[in-house]
Amino acid sequence: MLFRRDKKLWKRGEVLFDQLAKELQVASAKLCKAITIWSSHEQDPDARSKIVLLNEEIIEAERRCDDIKEELINSIFSKGAYLPQATEDRHRLVRYMDTIVNRTEVVIRRLVSKQDFPQRIPHEMPILAEKVHRCTDYLQDALKYLDKDYDKALKYANKVDIMREEARDLDFHIFGRLHSPDYPPKDSAYLYTISVSMIKVAEAAEQTADYIQTMTVKYG
């Protein structure tokens, strides 16, 4: 049986898909900013209020992503906007992208859950946040080129893998530092929770990039 794609729905699906990728990147950028402010809070008397505001903005971005995901699943994928095989691929990408945003929200919520600042914060924390942000930045580029240039999509997906590896190495370094006498045990546990939570964002980005790599082989 010949499958006829609904072009109007397809165009709407592409707009929504791009919006989801942008919201993901906005949330990631805000998290990176929050970690930077948090790490240098001693120089900023308004650090706490700025982080709380970023927390609210990331939560709002996550809710927008939920709305986009819901429309894609219920009003686009289920109504013939894409060919069946492409529908399955897009559906999986949307779930992966949603996981990235959810994990980003987890980090910022954990960050604001502690009312006071740790006595000492490793200077590598904002560097780690930047690497995680670059993972999502490269991922957005890979998604942008997915239907336009498979070679470029693959190139940026590979960059996500490389950056995630750098982030993981830095996380291990932070782990070693936190288990030294310089950090009180309660601060060490909290700080490592933040570090591990950021790595989970990078891992979710890598999972998405890995699937993009699979798609480039399948369609390229």
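Trainee: How much space lies in the largest pocket?

Mentor: This is a predicted model, in which local features need pLDDT of at least 70, side-chain atom pairs count only at pLDDT 80 or more, and totals for chains, interfaces and linings use all residues. Residues are numbered from 1 along each chain as its sequence is written, and side-chain values use heavy atoms, with hydrogens and water left out. On a 1 Å grid over the protein atoms alone, a pocket is an open set of points with protein on both sides within 12 Å along at least five of seven lines, while a cavity is a set where a 1.4 Å probe fits but cannot get out; lining residues have an atom within 4 Å of a point. With points joined across faces, edges and corners, and volume taken as the space filled by probe spheres set on them, the largest pocket holds about 230 Å³.

Trainee: Which helix gives the most to the lining of the largest pocket?

Mentor: Twelve residues line this pocket, and the closest to its centre are Tyr82, Ala86, Arg90, Asp147 and Tyr219. Helices here are DSSP runs (H or I, at least four residues), numbered from the N terminus. H3 (84–113) and H6 (185–219) each supply at least two lining residues. With three residues, the most is given by H3.

Trainee: How much space lies in the largest cavity?

Mentor: The count comes to two cavities of 30 Å³ or more. Among the residues lining the largest cavity are Trp38, Arg48, Leu111 and Tyr190. Its space is about 60 Å³.

Trainee: How many charged residues are in the lining of the second largest cavity?

Mentor: This cavity, of about 40 Å³, is lined by Ser28, Leu31, Cys32, Ala129, Val132, His133 and Met198. Ala, Val, Leu, Ile, Met, Phe, Trp, Tyr, Cys and Pro count as nonpolar, Asp, Glu, Lys and Arg as charged, and the others as polar. The lining divides into five nonpolar, two polar and no charged.
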